[in-house]
Amino acid sequence: MGRKSTKSQNLFGFFQKFGQALLVPIAILPAAGIFYGLGNALVTYTTFLPGVSKVLLSVGKIILNNLGILFAVGLSVGLAEDRDGTAGLAAFAGFMIFNQTMSTILGITTDIVSSNKAYETVLGIPTLRTGIFSGLIIGLIAAWAYNRFHTIKVPDVLAFFGAKRAVPIITSVICILLGCVFSFIWPPVQAGIDSFATFLTETSAPVTVFIYGIVIKLLNPLGLHSTLSQILRNLGTYVSVSGEVFTGDAAIFTAQIKDGAAVTSGIFSNGIYIVDMIACVGIAKAIYDEAKPENKKYVAGVLISAVAVSMSVGITEPLLFSYIFAAPACFVAYCVLNGTAYLVGYLAGCRTITTFAGGITNYLFVNVFNSAPRVWLLIPLGILYAFIFYVVFRFLIRKFNYNTLGRLDDLQEEVTDIKEHVATGDEKRIGNARGIIAGLGGKILRILPAVPPG
């Protein structure tokens with residue numbers, strides 16, 4: 001039993017670290033969306049600066065079309081000990097070698113690429129279209145090679161190839177073998193992924209977005225939501241009017257907008273704008289109204305900053321962690337309502353994308369400037385959901401008498417006591433813990449030992 005528990009903890013820890021490492025390559029996506037959105041806006045709404053719009057469009061496009069290499073390098077660095085750049089160099093070399101291996105074995109040419117969407121050109125190499133999946137695998141390989149071999153010792157005669165210099169070599173050898181395997185197994189796997197993507201985004205889209213909206217919020221406190229969102233948002237392909245193939249939600253969305261075609265992508269982001277950008281106000285207002293009058297000014301300071309972050313850039317953790325432990329039923333309701341927001345947005349015909357998180361920045365630059373379908377409707381839907389969240393949260397807080405922010409009589413005294421206390425070593429950690437628990441509602445504050453005077 002203990003061994004199983006340890007394995008589960010290790011696996012959970014790995015996925016948490018994996019999700020955090022994904023934020024390294026994901027960090028470039030907002031720039032791609034903003035560049036593309038501005039470029040498209042200049043083309044659509046103005047007749048001047050054609051050179052600027054062309055540059056912005058091409059810059060955004062080059063990022064969206066090369067997510068595989070970005071994820072390989074970013075993930076390897078994010079998972080490497082001390083985030084050493086050697087892992088990124090190994091991943092870059094491995095990615096090129098992997099694609100060149102497949103190209104050579106299968107005899108892929110530029111003519112084949114232009115006539116079949118199962119192929120693409122990566123860094124000038126005609127190869128199989130593997131999207132971010134090969135990037136994720138090679139990033140993991142490079143990170144593992146670095147963590148395992150960056151301190152390896154070799155005989156003196158081979159000293160030049162020891163330690164960190166061994167990492168790119170080992171990664172390259174593994175990627176040659178991986179390219180050989182992918183040459184034969186990837187075509188049927190890709191066909192299966194395409195069929196699965198069609199099923200999720202077309203055949204059962206309403207069910208998919210509803211479940212996605214619930215699960216993505218359930219995973220949020222664990223730090224695993226980035227993994228799920230990036231996998232789903234990189235499914236599917238689209239062949240543009242010019243014959244160019246685009247892979248993944250954001251790339252397909254921008255290509256379909258540019259072509260003036262029916263937008264079939266953009267179904268995994270509606271709920272973000274409805275809930276994270278607007279309806280979060282209803283959650284904060286409910287918590288504020290349920291606080292005791294003498295505590296409202298303290299609660300307001302916390303909630304205003306949390307809501308501002310959520311509305312502006314879509315970072316929901318400050319607001320989420322202000323109540324998740326003190327009011328678990330509210331968190332469950334939050335997840336379910338989030339699922340319904342995705343469903344309602346989809347059924348209403350809204351199609352939007354995010355390049356990192358939701359918020360006003362993405363809403364304007366990535367969607368409004370791109371003339372996203374029915375993007376305006378997200379505003380009234382967000383206001384509606386703000387009222388729903390407000391009513392549900394107030395009911396649940398009262399029903400279960402949750403000690404959300406400001407509902408304890410002694411909040412002010414606890415905060416004052418912690419601010420005035422100066423401690424060192426273990427006493428300081430106890431003081432920090434008391435402060436955190438007080439900020440989360442103070443429900444279990446009394447389980448900590450009293451902090452002795454300075």
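C175 counts as buried, because its relative accessibility is 0%; buried here means under 20% relative accessible area, exposed means over 50%, and partly exposed is in between, using a 1.4 Å probe and protein chains only. This is a predicted model, so to speak: local features need pLDDT of at least 70, side-chain atom pairs count only at pLDDT 80 or more, and totals for chains, interfaces and linings use all residues. Residues are numbered from 1 along each chain as its sequence is written, and side-chain values use heavy atoms, with hydrogens and water left out.

Here is how a few residues compare on accessibility.

| Residue | Relative accessibility | Class |
|---|---|---|
| C175 | 0% | buried |
| N99 | 1% | buried |
| C280 | 3% | buried |
| P50 | 58% | exposed |

On the cysteine side, the disulfide count is zero, with a disulfide taken as a pair of cysteine sulfur atoms within 2.5 Å.

Now for N99. It sits in helix α5, residues 85-106; helices are DSSP runs of H or I with at least four residues, strands are E runs of at least two, and both are numbered from the N terminus. The N99 side chain makes a polar contact of 3.2 Å with the side chain of T127. That term covers a pair of N or O atoms within 3.5 Å; within protein, one must be able to donate a hydrogen and the other to accept it, and residues adjacent in sequence count only if both atoms are side-chain atoms. Setting aside neighbours within four places in sequence, N99 is in contact (heavy atoms within 4.5 Å) with V122, I125, T127 and L128.

P50 belongs to helix α3, residues 50-64.

Helix α11 (residues 249-259) is mostly covered, with nine of its 11 residues buried. Among them are D249, F253 and Q256. Just after α11 comes G260, which takes a positive phi of about 75°.

Finally, the largest pocket. Its lining has 28 residues, and N65, E120, T121, R129 and V245 lie nearest its centre. On a 1 Å grid over the protein atoms alone, a pocket is an open set of points with protein on both sides within 12 Å along at least five of seven lines, and lining residues have an atom within 4 Å of a point. Strand β1 gives the largest share of that lining, four residues.

Definitions and conventions: On a 1 Å grid over the protein atoms alone, a cavity is a set of points where a 1.4 Å probe fits but cannot get out, and a pocket is an open set with protein on both sides within 12 Å along at least five of seven lines; lining residues have an atom within 4 Å of a point.
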